[in-house]
Amino acid sequence: MTDAFEPGVPEPDEVTAPWWDATREHRLVLQTCTRCVRERRPAAQHPPRALCVRCGSDELDWVGSGGAGVVDSFTVVHRAPRPDLAVPYVIARVRLAEGVVLLTRLQGREPDGWHIDDKVQVTWVGLDDGRALPVFVPEKGGS
């Protein structure tokens, strides 16, 4: 077994390509609706979509995220979906400071050491094609 995290990921398309391109540079970006920004509503969304989930606009752009968040929910996987994956590992919902939620992995701590509301920071796991996946580790100096 291996600790390698090499999941199958979808190919970029016209909607997701900017997000995947940013991952090549280890930049976390969020799709935002410029109409919602103008109207002072929450504007960030994830995963990327062709239209704004709040107002239906196609006035979408990309903004950088600081990558800080909190653990919203998590589970410890004890039964690997593939025989080459080492268990246990942690899958979590991380709520970013910008308000969006990412489904991701938690690393950098024993699986039984995680708690709801732990502060986390993004880091990256490289994929063979040059893209990367965001995973989260404990915030430096945080819980």
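Predicted model: local features only at pLDDT ≥ 70, side-chain atom pairs only at ≥ 80, totals over all residues.
Local features need pLDDT of at least 70, side-chain atom pairs count only at pLDDT 80 or more, and totals for chains, interfaces and linings use all residues. Residues are numbered from 1 along each chain as its sequence is written, and side-chain values use heavy atoms, without hydrogens and water.

**Exercise 1.** Identify the residue that lies over the face of Trp 114.

*Solution.* Arg 109 does so, at 4.4 Å from the ring centre.

**Exercise 2.** Classify the aromatic pair that a search of the whole structure finds.

*Solution.* Step 1: the search gives 1 pair (ring centres within 6.5 Å, using the six-membered ring of Trp; planes under 30 degrees apart are stacked, over 60 edge-to-face, the rest tilted). Step 2: the rings of Trp 19 and Trp 20 have centres 4.8 Å apart and planes at 80°, so the pair is edge-to-face.

**Exercise 3.** Decide whether Trp 19 is buried or exposed, and do likewise for Trp 20.

*Solution.* Step 1: buried means under 20% relative accessible area, exposed over 50%, partly exposed in between (1.4 Å probe, protein chains only). Step 2: Trp 19 has 9%, so Trp 19 is buried. Step 3: Trp 20 has 7%, so Trp 20 is buried.

**Exercise 4.** List contacts of Leu 96.

*Solution.* Leaving out residues up to four places away in sequence, Leu 96 touches, among others, Leu 28, Leu 30, Leu 102 and Phe 136 (heavy atoms within 4.5 Å).

Conventions: Lys NZ or Arg CZ within 6 Å of the ring centre and 35° of its normal.
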